[in-house]
Each structure stands twice: as C-alpha cells, then as structure tokens.
Amino acid sequence: MIQSETLELLEWPRLCQHLSTFAATKLGAIVARNLPIPENQAESEQLLAQTKEVYELESRLHPGLSFEGIQDIGDSLERAALQGTLSGEELLAIATTLAGTRNLRRVINNQENVPVLSDLVSQLRTYPELEQEIHRCIDERGQVTDRASQKMGEIRVELRRIRSQITQKLQNIIQVKSGAIQEQLITQRGDRYVIPVKAPQKDAIPGIVHDTSTSGATLYIEPNSIVPMGNQLRQVVRKEQTEAEAIRRQLTEQVTAVTPDLERLLAIVTTLDLAVAKSRYSLWIGANPPRFVNRAENEIITLRNLRHPLLVWQQQHEQGNPVVPVDLFINPQIRVVTITGPNTGGKTVTLKTLGLAAVMAKVGLFIPARIPVEMPWFSQVLADIGDEQSLQQSLSTFSGHIRRISRILEALENEESGGRGAGPAPNNQEEQEEEIKLPIPSPQSPVPSPQSLVLLDEVGAGTDPAEGSALAIALLKYLANHAQLTMASTHFGELKALKYEDSRFENASVEFDETTLSPTYRLLWGIPGRSNALSIALRLGLKPEVVAEAKTQVGEATDEVNQVIAGLEAQRRNQETKAAEAQNLLHQAERLYKEVSDKAAALEAREKHLRVSQEIAVQQAITQAKGEIAQVIRRLQKGTPNAQDAQQATTNLNKIAQKYEPAPPPKPKPGFMPKVGDRVRIPKLGQTAEVLTIPDTDGDFTVRFGIMKMTLQLQDIESLDGQKPETIVKPKPAPAVVTLPPAPAIRTSKNTVDLRGKRVADAEYILDKAISEAAGPLWIIHGHGTGKLKQGVHAFLHQHPRVTHYEPAEQADGGSGVTIAHI
C-alpha cells in the first residue's frame, strides 16, 4: 500500500517508537509502536479531545495519572475463554489490574471539565467482588491461601504436621548418629527429606540414597524410619495440588463469565494510556494542539515555527543541533507549492515535516508549532521521497520515481471512486524501464473536494531535463485538480513560472547564505529559488575563467533573472529586519504598559485595603464600646438603682468616652506679644529697648535703645519679667492626610470555621451563626473536593448583609481551599 510506503518514507515508525517510551503499560507501548491511522475526521477529533483533556488534567495533577498495578492480561483472558485454567500469578495480575483501573477512574471522576475522559471511564466495570475473591484465595506470591477453602485449610494443617514429624525424627537421628553425619542439617532431594552422611559410614544409617556430592564423600540418605512418612507427605501434597487446581479453576470460571467486560476494560485502559503517552510526548517536544480547518470556507493553513519532531527528539534526547523551524502559510486557493533552491537546503526536510504534521494531527498528537496550529484533515498522505533505485528489480532512479508516482495516482483515483488506497505495487522482475507508463489523465478532469496531501521530492528528476520538466509540469497540473494540496521540490526553472499562469500555484524557496556557503534552512514564500552553483564554485576555488565561460553558456537572461531574485531576497530580508524591530518596540511598549497598569492596580488595591481596614477598625471600636456600655446598663438593671449606682455608672461611661474619643489637641500656652511702646529685654546684648512697631507676619519688628534703631526677630527678645514671645504661625495649606495601615488581622481558632465534610445546608447554618458572632475577618475552611461546598459558601457570603466582601486566603493559610469573609 502506497500509504504504508509513505509512512516508511516519512520515518513514522521511528516517531511511534519515540511515542511508545511515554506509555505506562506494556500493551500501551505495543499499540503506540503500531499506531492505527483514523479513517475519518470525527475519529481524529475524538483522539485530539482525549489528548487535550489529559494534557490539561496532568497540568493540574502531580505526578499525573497513574497506571500502577495495570498489566497486560489479554493472553490470560484468551486462555480463560478457551477453557484453560489460569495460574495464581495470572489471577493476581487480573486483580491488580481491576484495582488499578478503579483508582484511575476515581481520579478522573474527581476532576472537572474532562467530559471526554469521564464518558470513556463511565463504561468501565471493575468487579470489586471478583478482585476481593482473588485476593482471598491467592496470596502476593501467586500461591493458593489456606483460607481459600475449608478443605485446603485442613490439607495444609496435615502437611505442616507431617513435615514437623519428619523434621523431628531426622533431628533425633542426627543427634544419635552424629559421628556418621557429614554436616548437621536437613535438606531435600526432590520432595524427599534427606541428611548428609559420610560415605564410609553409610551403613550406620540405613536408608535410601537419593544423591551424592561431587566428590563422592557425602551421601544424601533418606532414613528407612521416615520413608513411610515421606510417602504419606507425597500423597498429601498431591491432594493439595488437586485442591489448588480446583480453586484456580473456580476463579478462572468467574473470570470467564466477565471476559467481555474485562476485554473492554483493557481496551479503555489502553486508550487512556495512549492519550497520556500522546500528551506527555507532545509536552516533551513543545507541541500545541491543532485545529482542523476547511479550505472550502477560505481558511488558511497556518503552521508557524513548525519543527520536525524527529529532529526535536534528536536535539533534546541525543544532544543534536538546534532545529531551524519553517513557516507555512498557504492560502485556500493554493493547491500546489513548488519549493526550489540549492541541494542540502532543507527542501526534503520541509516535505517530511509537513507530512509528519498531517499524520500526527490525524492520530491525536499535538504538532510542534506555535499557536495557532491550523491545517486541514487529509484523508491520505502520499509521498515520493528518496531514491527507489533497485538492481534486483531492474529499476533506475527515474523508473523507481515513476513507479511510486503511479501508485500515488492510483490511490487518488481510488479515493475519488470510493476506495481507500492503491493496490499492492507491481513486483515483476521482468518489467523494464521502457515498459513503465505513467497514467496521467487530462489536467482538466473535474474532481469533487479532494482530501489528499501529496509530497514529491525532486519531481521529474533522473532523466533528460527537458522531458523531465515537461513531465513535472503535467503531473503538477493534474495534482492541482485531484489533490487538496501538493508540495513538490524541484530544480527545474520552468516550474517557477507556473505561479504566473495558474493562481492555484505558489512558489517557495530555501534560503542560502553565499557568504558562508551554507544553507540557513529558512523557507521563503513567494520568491523562487535561484541557482547558486556558479557563485559557490567560484568561492570554492574553481578557476575564474571556467566560471566566466559557464556564465556565457547560461546566458544573460538567466543572469538577469538571478539578479532580480537576489534583489527580491534582499528586500525581503530588509523588510523582515524592520518588522522584527517594530515587533521588539511593540513588545517593549506592551511590557511598559503592563508594568504601569500593574503598579496602578496595586496602588488602588492598597488604598482600598487601607480604607476597608480603617472601616473595620472603627466598627470594632464601636462594637467594643457598645459592649462595655451594655455591661454598665446591665449592672444598673440588677436590683434597685440608687444615686450612688447612678453616679458610678456615669463615671464608667465617662471613662469609656475618654477611652474611645480622640484626645483633644493640647491648648497652647499663653505667650508674650510686644506692643508699640512696651519695654523689652534683648538677652544677646544685655540691653532693654522700646518697641517702635508691632511684629509682622515674619516676626520682624523695630526697637530703639538709646539713639539706635534695630530690626529684631521675636525669638531675640523677652519681656522684662522673663516671658518668651508667642510664635507667629503662618497660615499653611492643610497637609495631606497619610493613613497608616492598621495592624493585620490574625487568624485564631475563634475566627476560623471548618466546614470540611459538611453538606451545603448544614454549612450555611454554621456560617450564619459564626458571622453573627464575628467582629472581624472570618476564615472559612471548605477545602477543594468537588467544588460544590466552595460554591455554596461563596453564594451564601455574596447575599449575606453583614459580609462586605470575601477573598481566597494566602497560600500559607490554605490558598483556594480557604475563604476569608470580611464582616
């Protein structure tokens, strides 16, 4: 089949081998190595939904889904269905698989927003009664237990009694005949108990010789006195084996009765394991989920920074070179993309990367590209990549390519007629190259909604350039009508012109750095590749006159075309540089805007928090004052109040008022203010003077002593009786009120309510009582669980009139499992 051949060319088995290393079960690894390809888009979307849900679920769980205890019981179920009796180890494997599957289902059922996985595990039947019965009858070593049946218990007691008698008898013989004993121990040969006896003294202990040592110096003898007991032991052991066989037979029959359900269980567990493996592999290669687009609805194929998954594996797992990504943006009207450029530039890798991405999306794997990842669902991925030259089949390079392309066209024809692919490749060794014919119908043949992806490497190569170019053009025109998308690499310059003849064609090229004489592996869109052979040859040391002669043979027209292409490439690089600079500026602006927004939000939140804290502090003070006043009133109400009680109550109320009312500002002490004609003392000069003017707003005034006048400050004088003058206070603008945050609330046992394990109705009653008694923040512990209790608590707090707001606690106080209600 050409599709199977394509998977080999794309190295799909190697990717499946990498995927299998992420499987948790043996059966999951086997299926991953032979991953089936879905035949319809609905099945692919179902697989993608499973991978997405596992990916999101494992991001919330640590260390992720566990498949502990689950084993491959398929062979055991098959043998049970064929009336075979299962061994103890096989029965134990079935029991542990049932337990592991039940734990897996419990974990998934406890998660939210996983409808696909929940629906999958809802079909599981884990038969806990069968598991318990197996554990009752089979121990951890796979042996039948004494409690498996009454008869087995009696047989085991008899076995222990006989073994004890044999051991005791042998111990007595060893003590009595110690001189004939080689070593004082009791051992077994087969199922018979023996003791090591020195060969020369074998007659001292008559019995049956079961074995000898390598040197012949020791004989292992079963004394005649214990032979009857040994025979009896053998009979009882046979009974034990018969009973154990019967017990395992009964358990096997119970397994056979539910074999269809167990096979279904194994299939579901394997499906889950594959989804987990796909999720972990996708995470490891840095992949993102794809979305299938419909090109008939003008949706664009968008694969930004697409990387080859095998190269990513090589880089991360084998310390390979960094992977250079490619960008694929293909408009809906484009049916054929021709990639040109020098050898080793990355054309073939681009084809393989797109092919692998298409198959990965079909099987439910994420694609190693940046979001958004958008591409069509391709019914077939068909490729002709590499050289199919075969001496055994008398095939040249050209013949091998034509054979493979013929099978591709047959597969397309079968798809149109309702088939599922081409038949097997012809394998007639007598066929020669000249007998090969390429079935190319008319390019104008109408094809309704083609769904295939075709990848052609070096299309038309391996034969005369003129004929190969003509054949490539005809083939690509045919594929434009019969495939949803074709991507072909070529060195033929004639194929570059197809874009300007048919709007369904597009050009792309791989970039080449002439300075370093090495490819950059970047894919350039809209620009055809140019020949770099002559310039590379000149830089590598070929004689200039040879290169010059070659240029004359090529012609001026080709040289001009190459110059135009070079100019377009230079313009493109310039635009990309400017676009990158603009993108950096945009990122800087966005970062600065985010920083400013975060600071503003933090300031606003702090202001709000301080305001709320002040309100809470005031309410607490009022509540406490009211409580103390109420205590005074209650004391007055006890008995018959008299004048003394009333006086005491008044005194207490005054104390409370003094305690909670803000203290009045201190009264300023009366100071001295000089007036005109007053006599004042100047301490610095030791003189008295007469005041001529009153102080101005700056405190300056004029005095006279003797015949001299002097301007002084108020702080330079005092009254004759030693009083200091008043300080003139200038009118100042009211200072900004700076509010300090109150002391943070402290969580105690009194302001903490634990609602874990309560029903919502019971929790509301407890919560209402706690809120009515609370005088500050209230810590409410509800846990995580299914989230129902948390939702009920939040709904109750939202409608309660005493609750101003609520918020989740700090991580140290329980995080989202604890809610703080502000009363």
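Glu 595 is partly exposed, with a relative accessibility of 37% (buried means under 20% relative accessible area, exposed over 50%, partly exposed in between; 1.4 Å probe, protein chains only). The model is predicted: local features need pLDDT of at least 70, side-chain atom pairs count only at pLDDT 80 or more, and totals for chains, interfaces and linings use all residues. Residues are numbered from 1 along each chain as its sequence is written, and side-chain values use heavy atoms, leaving out hydrogens and water.

Glu 595 forms a salt bridge with Arg 591, with the closest N and O atoms 3.3 Å apart (a side-chain nitrogen of Lys or Arg within 4 Å of a carboxyl oxygen of Asp or Glu). The two residues are four apart in helix H18 (residues 556–637), so about one helical turn separates Glu 595 and Arg 591. Helices (H or I, at least four residues) and strands (E, at least two) are DSSP runs, numbered from the N terminus. Arg 591 is also partly exposed, at 44%. Shared partners link Glu 5, Asp 384, Arg 404 and Arg 407 into one salt-bridge network.

The whole structure holds 33 salt bridges. Among them, Arg 14 pairs with Glu 11 at 3.4 Å between the closest N and O atoms. Arg 14 is partly exposed at 31%, and Glu 11 at 28%.

Four strands form an open, mixed sheet in the order E20-E21-E23-E22 (strands pair if DSSP finds at least two bridges between them). Strands E20 (752–754) and E22 (805–808) are the edges, each pairing on one side only. E22 and E23 (residues 818–822) pair antiparallel over four bridges. Tyr 806 has Ala 821 in E23 as its bridge partner.
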